[in-house]
Amino acid sequence: MTPQLVTLADTPPRPWRNGGGVTRELLAWPEGGDWRVRISVAEIETDGPFSTFPGVERWFAVLEGGGVALTIAGVEHRCRAGDAALSFPGDAPVDCRLLRGTSRDLNLMLRGGRGAMQPVVDGEAWAPPAGRCGLYALAAGRCQVDAAAIDLPAGSLAWFDAAPVALTFQPEQATTNRMPGWWLAAHAEEPDA
């Protein structure tokens with residue numbers, strides 16, 4: 001079972017239309033404009049609104065930097081590295097305010113499906129709750145996939161179009177101040193033929 005591997009370093013940044021940051025799209029499935037699953041890493045450089053995505057379930061987690069305050073439909077949520085992922089509807093109005101400088105964030109978006117993002121715990125097995133799944137590795141390490149092992153560099157995505165029974169991630173070095181990565185799950189419908 002070989003995953004699709006994508007590294008942040010090999011993914012070119014695309015500037016936002018409002019000039020507030022850049023996004024690196026790690027995965028869009030299926031490819032093209034009508035994706036069902038999209039995973040990206042964004043660097044937020046200034047305060048401002050997020051784009052809306054009607055019919056999309058969004059998941060958001062701060063990877064590093066000063067964090068953000070997201071005001072979603074009038075309710076403020078403070079998000080910092082190490083906090084649980086935040087889920088919200090893509091059509092909700094979202095205003096972003098930086099807390100202490102630039103913030104780098106992981107985004108999972110699903111159109112016509114449901115998903116989940118949960119933190120990796122060193123060496124603890126994770127049973128994907130969906131047909132498609134992945135691991136965003138913040139730290140370099142080894143991902144155990146059923147009976148096989150895959151070495152991943154820091155800042156990489158391993159994506160499985162058919163979820164294995166279980167996954168485990170062990171970083172090369174112990175991570176005491178931050179989690180080593182994020183598990184991503186997607187229940188996504190096949191696009192119409």
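Colleague: Which residue in β18 does Leu-135 stand opposite?

Modeller: In this predicted model, Leu-135 stands opposite Trp-183 of β18.

Colleague: How do β13 and β18 pair, and over how many bridges?

Modeller: Strand β13, residues 132-137, and strand β18, residues 181-188, are paired in the antiparallel sense, with six bridges.

Colleague: What is the order of the strands in the open sheet?

Modeller: The order is β1-β16-β13-β18-β12, which gives an open sheet of five strands with antiparallel pairing. Its edge strands are β1 (4-7) and β12 (113-119), each of which pairs on one side only.

Colleague: By how many degrees are neighbouring strands of this sheet turned against each other?

Modeller: On average, neighbouring strands are turned by 15° against each other, with direction ignored.

Colleague: Changing topic to the pockets: what volume does the largest pocket have?

Modeller: Its volume is about 490 Å³.

Colleague: How many residues line the largest pocket, and which lie nearest its centre?

Modeller: The lining of the largest pocket comprises 19 residues. Nearest the centre are Trp-16, Thr-23, Arg-38, Ser-51 and Phe-53.

Colleague: Which strands each supply at least two residues of that lining?

Modeller: At least two lining residues come from each of β2 (14-15), β4 (37-44), β6 (56-65) and β11 (103-111).

Colleague: And which gives the most?

Modeller: Strand β4 gives the most to the lining of the largest pocket, namely four residues.

Colleague: How do the residues of the lining divide into nonpolar, polar and charged?

Modeller: Nine residues of the lining of the largest pocket are nonpolar, five are polar and five are charged.

Terms used. Residues numbered from 1 in each chain as written. Predicted model: local features only at pLDDT ≥ 70, side-chain atom pairs only at ≥ 80, totals over all residues. Heavy atoms only, no water. Pairing = 2+ DSSP bridges. Axes fitted to C-alpha atoms, helices over the stretch in contact; angles between N-to-C directions. 1 Å grid on protein atoms, 1.4 Å probe; cavity = no way out; pocket = protein on both sides within 12 Å on 5 of 7 lines; lining within 4 Å. Points joined across faces, edges and corners; volume = space filled by probe spheres on them. Nonpolar A, V, L, I, M, F, W, Y, C, P; charged D, E, K, R; others polar.
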